[in-house]
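Please consult the sequence and the model shown below while reading.

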Amino acid sequence: MKKIVFALAMLLSAATLAAKPQVVVSIVPLYNITKAITGDMADVTVMVPPGASPHTFSPKPGQLKSLAKADLFIMAGAGLEFWADKMVKASGNRKLKILSVTDGMALVNEEEHVHDGHEHTGSGNPHVWLDPVLAGRIAEKIETEVSLQDPANKPHYLKNLAIFKKKIKVLDAEIKTGVKKFRVKELVSFHPAWVYFESRYGLKEVGVIQTSPGKEPSPKQISDIIEQIKKYGITTIFAESQLPRKAADVIAKEAGVKVLILDPNGAADGDYPGFIRKNFNVMKEAMQ
Ligand SMILES: [Zn+2]
């Protein structure tokens with residue numbers, strides 16, 4: 001009997017030692033940053049799948065289960081994950097630590113920020129992950145939280161953070177050089193996802209097709225956008241892979257310009273610099 005109890009105790013302690021931090025992340029770009037920090041030292045899953053928009057997402061029952069078992073939930077915050085509060089409550093997970101990466105960041109205010117019919121005024125624009133420099137700060141926050149969950153492996157996480165920040169530096173320099181060759185600095189975006197990227201690199205949003213995702217532009221908004229397109233000599237406007245592009249096509253046809261696709265939410269298993277580069281290449285094609 002004693003032997004069995006001893007064996008069981010050994011088994012349990014081994015299981016505890018080997019347990020990796022269980023991390024759930026709301027969106028793919030934050031997932032990719034998290035994976036860059038943890039490597040294989042944590043189990044990381046993403047909630048909003050590639051191809052879906054966090055603005056129109058509704059969670060699946062299985063995802064509630066993974067949240068119920070998680071140690072850490074990483075999200076953008078500022079109202080982006082309008083579905084998260086309910087979900088965290090429903091998971092019944094009282095030990096769940098939540099990292100909202102926009103906390104403590106100076107956010108761009110949005111006059112109206114409507115998700116699924118609920119207004120989140122004053123919460124600020126949540127798309128901080130699209131600015132590489134802010135992504136570096138996000139990575140620092142993630143390293144801190146993951147290391148709190150798994151202090152023994154802090155050196156590993158710190159090493160990965162340093163590697164990530166080096167890559168960010170290269171990316172940032174590349175974009176700074178790239179925008180110098182832009183023929184136009186003004187752009188028409190599909191929804192206000194790129195505000196942090198634009199202010200980082202001296203670009204200017206002169207029109208937004210959907211001021212809030214899913215909200216079609218009024219005739220007045222459409223004619224304002226067309227006026228801006230003509231004023232600045234814009235030849236290409238942007239739609240997005242996760243949202244219906246119809247309004248962009250209508251405007252493009254009226255104004256006689258092209259539509260190219262930006263992707264603010266990225267592909268899982270992609271790396272963060274590659275994700276930004278892919279978008280920047282689309283901007284180059286449109287604006288250079
Ligand atoms: Zn968005």
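Of the protein's 288 residues, 51% count as buried (under 20% relative accessible area with a 1.4 Å probe, protein chains only). The model is predicted, with local features needing pLDDT of at least 70 and side-chain atom pairs counting only at pLDDT 80 or more, while totals for chains, interfaces and linings use all residues. Residues are numbered from 1 along each chain as its sequence is written, and side-chain values use heavy atoms, leaving out hydrogens and water.

**Overall fold**
- The protein has 10 helices and 10 strands, taken as DSSP runs (helices H or I, at least four residues; strands E, at least two) numbered from the N terminus.
- Among contacts (heavy atoms within 4.5 Å) with a separation of 6 or more, 64% join residues 24 or more positions apart.

**Zinc site**
- The zinc ion is coordinated through the NE2 atoms of His55, His127 and His191, at 1.8 to 2.0 Å; donors are N, O and S atoms within 2.8 Å of the metal (3.2 Å for Na, K and Ca), and water is not among the atoms, so sites may look incomplete.
- His127 lies in the loop between β6 (118–119) and α5 (132–149) and His191 in the loop between β7 (186–189) and α7 (195–201), so the pair ties together parts 64 residues apart in sequence.
- Both His127 and His191 are buried.

**Helix packing**
- Helix α6 (residues 154–180) packs against helix α10 (residues 272–287) at an angle of about 10°, with the axes 10 Å apart.
- The two helices α6 and α10 are therefore roughly parallel (angles under 35 degrees).

Note on methods:
Axes are lines fitted to C-alpha atoms, for helices over the stretch in contact, and angles run from 0 to 180 degrees between N-to-C directions. Angles under 35 degrees count as roughly parallel, over 145 as roughly antiparallel, 65 to 115 as roughly perpendicular and the rest as oblique. Buried means under 20% relative accessible area, exposed over 50%, partly exposed in between (1.4 Å probe, protein chains only).
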